[in-house]
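Subject: Structure handover

Hello,

Below is the structure I said I would pass on.

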Amino acid sequence: MQIPDTDYIYDIETYFDIFCVDITHAASRRRWIFEVSDRVNQSPQFIAFLWHLSRSGARMFGFNNEGFDWPVCQYLMSDHRGWFSALDAHNKGTQIITGDRFEHTVWPSDRIVTQGDLFKIHHFDNNARSTSLKKLEINMRSPSVVDLPYPPGEPTTSAQKDEIIAYMCHDVSDTLKFYVASLDQIRFRDELAVKYPDMGDVLNMNDTKIGKVFFERELERNGTPCRERVNGRRVPRQTVRSQIALRDVISPRVQFQHPEFQRVKAWLEAQVLTPDEAAVSLGGEHRVETKGVFKDLRATIDGFTYDFGTGGIHGSLHSVSVREDDEWEIWDWDVASYYPNLAIANRFYPAHLSEHFCTVYEAVYQMRKQHPKGSAENAMLKLALNGVYGDSNNKYSPFYDPQYTMAITINGQLMLCMLAEWLRFGTRPVDTQNHPEEQIQLEEIREGVQMIQINTDGLTVRVHKGAVDWMQHMCSEWERHTGLTLESVRYSAMHIRDVNSYLAVKHDGGVKRIGAYAYETPLNSSSFQTRERGWHQDHSMLVVRKAAEAHMVHGVPVRDFIMNHRDPFDFMLSVKVPRNSRLETGEGLTLQNTTRYYVSTDGVSLTKVMPPLKGKSVERRIGVQTGWTVTPVNDASLFRWDNVNWLYYITEAEKLLI
């Protein structure tokens with residue numbers, strides 16, 4: 001994809017006695033470096049250059065620049081002296097790090113130069129996806145991984161200043177790599193900004209937020225306000241519940257014949273959710289808590305266990321390989337856009353948004369189908385559909401109504417159990433007197449359909465060839481009864497460790513990899529996007545996962561695969577310790593806090609040295625790869641094939657075999 005000529009990549013360093021900035025033109029790779037220190041003060045030139053970028057309509061991209069780099073830069077630009085010292089920049093940076101970040105925020109309308117923050121675009125500001133630039137360097141397989149060389153609050157020598165500038169330039173080079181890998185996401189946002197200029201600072205919104213903002217916009221445009229003014233502030237409209245009787249949220253479409261499913265439904269119908277009184281007594285909000293409100297709710301039928309939870313249903317065979325043969329097939333059934341369509345079909349909605357919410361929901365769903373997959377509109381509308389449910393339990397959201405949350409998640413689980421019951425036992429509410437053609441020999445059906453998995457929005461079954469027509473008929477009946485749509489795929493084999501980790505081999509030869517078996521990363525995906533191992537996830541020792549798949553799917557011996565694999569990065573692992581800790585070798589050498597390594601025969605031992613626990617005086621020491629020695633390779637050229645500990649990788653791969 002062509003790089004826009006307007007875009008620049010940058011990073012700053014704000015040391016006690018040196019401020020420096022690297023601004024690199026993304027398309028041409030031309031680099032401008034400015035320094036403010038006791039050696040030289042280029043602050044006037046730096047300020048003039050930023051004003052030049054502003055006048056030329058440039059955009060500056062960085063990593064967490066919206067939260068740190070740009071507030072520092074705009075503060076320095078706004079100083080009417082026309083110059084500044086390194087201490088000025090350092091003090092501002094310290095205020096941002098230690099103070100209230102909102103106090104230092106520069107809002108989009110006030111920015112002198114447009115900012116694009118890769119940290120925000122990829123939602124790394126979410127705790128569950130938190131990712132540092134160092135981790136990205138490892139996941140992008142950078143030749144070198146370099147950590148901050150010196151603490152920012154200490155004086156530096158001239159040689160150390162040169163090291164700091166080199167470190168900064170290294171970071172900008174890797175940020176540029178990540179910017180290139182993010183061009184599809186940037187283009188998507190640019191298209192949306194043109195078509196929907198009233199959506200705000202789309203460039204710096206994560207994918208889910210884009211969807212929610214669009215959905216909110218559609219509700220507002222169709223006469224359903226999502227926010228209201230209270231004391232001069234726009235606040236989200238919400239439905240706060242003092243209690244939720246689960247009987248009120250279960251759809252009348254949910255009907256069971258099997259006593260175990262009937263027991264689960266009856267138990268749920270008897271539950272009334274109320275606020276946690278202990279939390280309320282401690283000053284907490286008087287809101288119903290839905291997370292984890294019921295645990296250990298399960299039903300076991302013919303040896304297969306269905307586990308229910310507020311997050312969804314789970315169930316699976318364990319530690320087994322299932323293969324099709326001359327008599328048996330493997331079918332996977334997923335519900336299309338399950339949670340959005342549950343709301344649409346059952347007219348579930350947050351109470352304060354009225355049933356008009358479902359009308360807009362359906363309009364957005366139909367709108368998405370009009371745009372081809374891969375288009376900006378299709379991607380954004382998918383996010384709008386999926387993001388709304390997650391925000392219905394977010395107390396800061398205009399979609400907040402925990403009863404709506406429970407209606408979706410509980411009915412979602414129970415309706416999948418209905419499908420499992422109909423497939424497995426041939427029972428469903430049908431008028432057999434008026435439809436005699438649907439009299440089926442149930443004993444044969446019971447033996448002809450076997451559960452393999454059930455998980456959130458679908459299930460997988462092993463089906464005797466004589467029961468395939470029955471299965472498809474039952475799926476059609478379930479669709480008619482629930483108003484939902486099923487999508488199917490056939491597998492030739494499944495290798496299952498548990499519900500969260502398995503390999504499913506499709507008829508076309510493709511492989512669905514989940515959990516411990518997933519190894520595709522954005523780097524080896526054509527669009528830098530994958531559902532397997534995202535940028536924020538661990539990319540350690542991928543050779544282990546690849547070897548396990550090669551053995552189970554293609555019959556390649558694990559030892560042969562690993563010892564003939566020649567991608568050194570697939571053998572590498574990484575470790576990170578916080579700034580208040582350190583990473584030591586057995587010889588007492590301190591390594592940088594983020595370190596890449598591989599397990600070797602003649603390496604060193606690694607230990608995390610952590611601060612003492614509260615009330616203790618002894619530092620904590622935690623081994624890394626305890627019992628094995630490793631070779632650090634922050635410089636990837638230090639990797640050696642002659643000292644790879646093949647036994648370690650073979651042992652780890654064999655743990656994944658089914």
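The buried residues of helix 9 pack against strand 10 (297–301), strand 11 (304–308) and helix 14. Helices and strands here are DSSP runs, numbered from the N terminus: a helix is a run of H or I with at least four residues, and a strand is a run of E with at least two. Packing and touching both rest on contact, which means heavy atoms within 4.5 Å. Buried means under 20% relative accessible area, exposed means over 50%, and partly exposed is in between (1.4 Å probe, protein chains only).

Before going further, note that this is a predicted model, in which local features need pLDDT of at least 70, side-chain atom pairs count only at pLDDT 80 or more, and totals for chains, interfaces and linings use all residues. Residues are numbered from 1 along each chain as its sequence is written, and side-chain values use heavy atoms, with hydrogens and water left out.

Helix 9 covers residues 259–269, and its buried residues are Phe261, Val264, Lys265 and Leu268. They span an arc of only 95 degrees around the axis, so they are on the same side of helix 9. The arc is taken from the directions that run from the helix axis to the C-beta atoms. An α-helix has 3.6 residues a turn, so residues three or four places apart point the same way.

Lys265 counts as buried because its relative accessibility is 18%. Where does the side chain of Lys265 reach? It comes to 2.9 Å from the backbone oxygen of Val254. That is a polar contact, meaning a pair of N or O atoms within 3.5 Å; within protein, one must be able to donate a hydrogen and the other to accept it, and residues adjacent in sequence count only if both atoms are side-chain atoms. Leaving aside residues up to four places away in sequence, Lys265 touches Ile250, Val254 and Phe256.

**Helix 12**

Helix 12 (residues 356–369) has 14 residues and reaches 20 Å from its first C-alpha to its last, close to the 20 Å expected at 1.5 Å a residue. The expected span is 1.5 Å times one less than the number of residues. Phe357, Cys358, Val360, Tyr361, Val364, Tyr365 and Arg368 are buried in helix 12. Their arc around the axis is only 165 degrees, which puts them on the same side of helix 12. What do the buried residues of helix 12 pack against? Their partners are helix 8 (207–221), helix 11 (338–346), helix 13 (376–391) and helix 14 (402–425).

Ser354 is found in the loop between helix 11 and helix 12. Its phi is near 65 degrees, a positive value in a residue other than glycine. Ser354 is partly exposed, with a relative accessible area of 32%. Ser319 also has a positive phi without being a glycine, at about 50 degrees. The loop that holds Ser319 runs between strand 12 (314–316) and strand 13 (320–323), and Ser319 is exposed at 56% relative accessible area.

**Aromatic rings**

There are 34 aromatic pairs in the structure. Rings of Phe, Tyr and Trp (its six-membered ring) pair if their centres lie within 6.5 Å; planes under 30 degrees apart count as stacked, over 60 as edge-to-face and the rest as tilted. Phe46 and Phe84 have ring centres 6.1 Å apart and planes at 80 degrees, so this pair is edge-to-face. Phe46 lies in helix 1 (residues 43–55) and Phe84 in the loop between helix 2 (65–77) and helix 3 (86–98), so the pair ties together parts that are 38 residues apart in sequence. Phe46 is buried at 1% relative accessibility, and Phe84 is buried at 0%.

Phe639 and Trp641 also form an edge-to-face pair, 4.8 Å centre to centre with 80 degrees between the planes. Phe639 is buried at 11%, whereas Trp641 is partly exposed at 27%. Ring pairs link Phe571, Tyr598, Trp628, Phe639, Trp641, Trp646, Tyr648 and Tyr649 into a cluster.

The charged end of Arg287 sits over the ring of Tyr400, 4.8 Å from its centre. For this, NZ of Lys or CZ of Arg must be within 6 Å of the ring centre and within 35 degrees of the ring normal.

Regards
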